[in-house]
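Here are some notes from a read-through of the model. Please keep the viewer open as you go.

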Amino acid sequence: MFYREAGDFKTTYQEDSQTFPIKFDRWRYWAVLAVAYLFIPFVINDYWASAVFIPFLIYSIAAIGLNILTGYCGQVSLGTGGFMAVGAFACYKLMTAFPDVNIIFHIIISGGVTAAVGAAFGLPSLRIKGFYLAVATLAAQFFLVWLFNKVAWFYNYSASGQINAPERFVGNVAVTGPNADAWAKYLICLVFLTVCALIARNLTRGAIGRTWMAIRDMDIAAEIIGVNPLRAKLMAFAVSSFFIGVSGAMFFAIYLGAVEVGEAFGIQKSFLVLFMIIIGGLGSIFGSFAGAAFLVILPVALKLVGVDLLGFPTDLVSHFQLVIIGALIMFFLIKEPHGLAQLWRLAKEKLRLWPFPY
Amino acid sequence: MTLKKLAALALTTTLAAAPAVADLVIPDLSYRTGPYAAGGTPFSDGYQDYFNLLNARDGGIGGEAVRIVECETGYNTEKGVECYESTKGEGALIYQPLSTGITYQLIPKATADQIPLHTMGYGRTSAAKGEVFNWVFNYPANYWDAASVMVNYLLGENGGSLDGKKIALVYHNSAYGKEPIRTLENLSAQHGFKLDLLAVDHPGQEQKSQWLQIRRSRPDYVLMWGWGVMNQVAVQEAANIGFPMENFIGNWWSGAEHDVTPAGAAANGYKSLNMNRINAELPVFADIKKHVHDAGNAAGDGSNIGKVLYTRGMYAAMLAAEGIANAQSIHGVSDITPAQLRDGMESLEITNARMEELGMGGVGPAFSVSCSDHGGNGLGIVQQWNAGEGKWVALTDYITPDDAVTQPLIDEDAAAFAAENNITPGCL
């Protein structure tokens with residue numbers, strides 16, 4: 001009824017190729033943004049920020065990054081945790097070496113540093129593919145974690161190998177450190193996520209994104225039609241690592257505030273982000289959000305229901321979390337191998353025809 | 001129908017979330033799952049059982065009931081932060097996270113929120129300097145004390161000289177395991193022993209290469225900073241390479257029953273430090289059995305009573321309860337705030353007579369806390385595992401650490417922290 005293309009006339013090419021061709025979707029998009037920017041910051045408290053919103057926003061950026069590499073360019077990567085660590089440690093070194101520079105620049109430069117490291121580790125992708133590439137990125141994961149544990153310069157020779165985020169300001173509002181308000185931390189993450197998602201969306205639907213998808217679908221054919229695999233693959237690694245580096249920097253500086261590399265950026269983190277994009281949907285920006293939301297919110301929701309509402313013992317709930325999340329992952333992958341994004345797509349198809357499906 | 005159900009659910013959630021009034025809220029950031037659960041479970045059982053005992057026997061502390069809020073962290077910092085944020089709104093008085101990683105997260109947060117943090121024998125060692133870390137307490141002992149106590153014990157074994165000896169440190173590759181390195185390095189320079197550092201990555205199940213290295217380099221002593229599953233594996237590996245167990249010494253987080261029993265008779269003779277004495281006959285255990293376990297309120301399955309880490313958890317709860325009682329008497333109110341508890345902890349004095357009175361005579365050393373010293377006196381005993389009888393036997397009385405070595409390090413690290421965070425040292 002209200003969800004349809006009919007009657008929504010496009011008169012320019014620009015309008016014709018917009019992200020949301022349906023009017024209702026455009027309104028919904030603005031409504032989501034309005035709620036996120038104009039409503040949530042006024043009601044958010046410490047608990048909701050640290051338990052739900054900030055991890056969701058940061059993991060979304062990481063998932064978008066990995067989705068560019070794995071979902072759009074078809075290069076499987078298990079090095080996400082290591083690349084997030086590069087972002088975090090770059091941010092720490094920058095924050096302590098240049099305390100007068102604004103944290104926003106530090107986060108962006110950390111992304112740049114990670115992009116360079118990612119591109120270097122992407123070099124083997126020109127020769128090896130599939131599982132073998134996954135193993136090469138796995139090596140990156142272990143090497144980077146080992147490096148940040150081993151070389152004391154990265155953690156400024158602190159006795160424990162921990163890195164701690166000092167207090168930094170945007171304007172005169174603290175966004176890192178213990179005195180930062182929930183809304184400030186939330187807003188800076190939201191701004192970064194919005195910008196990253198816009199960049200990612202526009203990269204993936206433009207010429208660059210098409211070369212990535214051509215490589216993903218069949219690299220030899222892509223080469224024949226004139227795609228330079230060196231350029232396309234390295235670019236995918238660099239862009240993907242940029243986003244992952246930004247998320248790692250924010251994960252350390254804004255979300256946790258103190259990080260231990262082996263614990264925070266271990267192999268589990270690589271798998272977590274990979275599961276996010278598989279559950280959310282490979283090759284979809286929306287899927288990155290959906291996957292991050294699924295894996296961040298579900299454990300918290302299960303805990304709230306199990307411990308606070310039903311009063312079960314905490315260890316029981318925590319074991320059940322593993323069971324339930326595992327079962328849900330299997331259920332989704334069997335019922336919908338293309339992830340939550342595909343469910344969303346199907347729902348939209350159905351909605352277009354509703355209420356006269358025939 | 002569905003809407004009705006949803007509304008009912010929402011209502012119950014708000015009701016459940018509404019804070020209960022006028023009681024002492026003690027969050028227990030426990031971990032009963034994951035690779036560190038073997039240590040986390042008995043500690044948490046002891047911690048909760050003691051507060052439940054106070055509720056059942058004495059009607060709480062100073063007439064005020066204690067409410068425990070348990071939250072499962074799985075020894076994971078992200079979950080630890082979630083637990084902290086979810087419990088602090090309930091009026092939490094004191095945090096005891098039992099994880100050095102989570103402690104590092106919580107030091108700035110708890111300081112900003114003005115809630116005391118008690119990291120008993122773990123966490124950031126330099127928190128002993130109370131002028132810089134106003135809200136953090138790590139009495140009765142810390143890691144650098146432990147390192148020094150170990151070396152002092154070995155000095156005693158070797159007639160006062162460790163010159164030319166080779167000592168290996170097997171450590172958990174995390175903030176926890178790295179803490180003693182600096183102290184041991186200083187001690188090695190001072191006493192002329194050679195120090196080998198062998199890191200074991202989380203969770204610690206894979207230690208073949210480290211023990212192969214030990215087998216090759218044949219150190220005189222192996223010290224260990226391990227936790228969770230890492231301890232059991234290390235003891236087993238040491239047995240596998242035939243390392244003499246009496247030369248293998250763990251710190252106080254590597255010396256519980258569950259760490260040595262999997263290796264069976266091969267673990268006989270393994271030594272570890274302890275900051276509390278173990279005595280399953282303490283009258284307080286009988287009270288816990290009677291008032292808590294027999295009433296069906298045991299925190300766990302009730303099987304851990306009297307064990308090393310259960311005793312330590314109970315000891316931690318006793319120190320917290322004494323701090324609360326002290327705060328109540330200072331401020332003359334029974335329903336204290338976290339800030340008042342901090343005052344109580346800062347002027348805490350634990351005497352042998354008081355411990356006797358509480359039914360746990362000699363469980364810990366007598367010590368007192370002051371603004372400049374949040375760390376207690378750092379005493380530790382050395383205990384040895386007797387596999388035949390299946391129990392730990394204390395070999396020594398309390399050994400004093402070498403404050404001349406640890407204090408300058410504490411001052412240096414605390415000064416660095418103060419500079420990093422723009423703190424002007426001072427008492428509150």
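The points below cover a sheet, the chain contact and some backbone details.

1. Please bear in mind that this is a predicted model.

2. Start with the sheet in chain B. Seven strands form an open sheet with mixed pairing, in the order 6-5-7-8-9-12-13. The edges are strand 6 (194–200) and strand 13 (391–394) of chain B. Each has a single partner strand, so one side of each is left without a neighbour in the sheet. On average, neighbouring strands of this sheet are turned by 30 degrees against each other, direction ignored.

3. One helix to look at here is helix 8 (residues 208–217) of chain B, which packs on the sheet. Helix 8 touches strand 5 (166–172), strand 6 and strand 7 of chain B. Its direction makes about 160 degrees with that of strand 6 of chain B.

4. Within the sheet, check strand 7 (residues 221–225) and strand 8 (residues 248–250) of chain B. The two run parallel and are joined by three bridges. B:Val222 stands opposite B:Phe248, which belongs to strand 8 of chain B.

5. Next, the contact between the chains. Chain B contributes 34 residues and chain A contributes 29 residues. On the chain B side, the elements giving two or more residues include helix 1 (2–17), strand 2 (66–72), helix 3 (77–88), helix 4 (100–113) and helix 15 (403–420) of chain B. Helix 4 of chain B gives the most, with seven residues. By type, the chain B side divides into seven nonpolar, 15 polar and 12 charged residues.

6. Two cis peptide bonds deserve a look. One joins A:Trp354 and A:Pro355, with omega about 0 degrees. A:Pro355 lies in the segment after helix 15 (340–353) of chain A. Another runs from B:Tyr139 to B:Pro140, with omega near 5 degrees. B:Pro140 sits in the loop between strand 4 (136–137) and helix 5 (143–157) of chain B.

7. B:Leu98 has phi near 55 degrees. B:Leu98 lies in the loop between helix 3 and helix 4 of chain B. Is B:Leu98 buried or exposed? B:Leu98 has 31 other C-beta atoms within 10 Å. The cut-off for buried is 20 or more, so B:Leu98 is buried.

8. B:Arg218 also has a positive phi, near 45 degrees. B:Arg218 is in the loop between helix 8 and strand 7 of chain B. B:Arg218 has 9 C-beta neighbours inside 10 Å. Exposed means 12 or fewer, so B:Arg218 counts as exposed.

Technical notes:
Residues are numbered from 1 along each chain as its sequence is written. Chains are lettered from A and ligands numbered from 1 in the order in which they are written. This is a predicted model: local features need pLDDT of at least 70, side-chain atom pairs count only at pLDDT 80 or more; totals for chains, interfaces and linings use all residues. Two strands pair if DSSP finds at least two bridges between them. Helices (H or I, at least four residues) and strands (E, at least two) are DSSP runs, numbered from the N terminus. Axes are lines fitted to C-alpha atoms, for helices over the stretch in contact, and angles run from 0 to 180 degrees between N-to-C directions. Two residues are in contact if their C-beta atoms, placed from the backbone, lie within 7 Å. Ala, Val, Leu, Ile, Met, Phe, Trp, Tyr, Cys and Pro count as nonpolar, Asp, Glu, Lys and Arg as charged, and the others, Gly among them, as polar.
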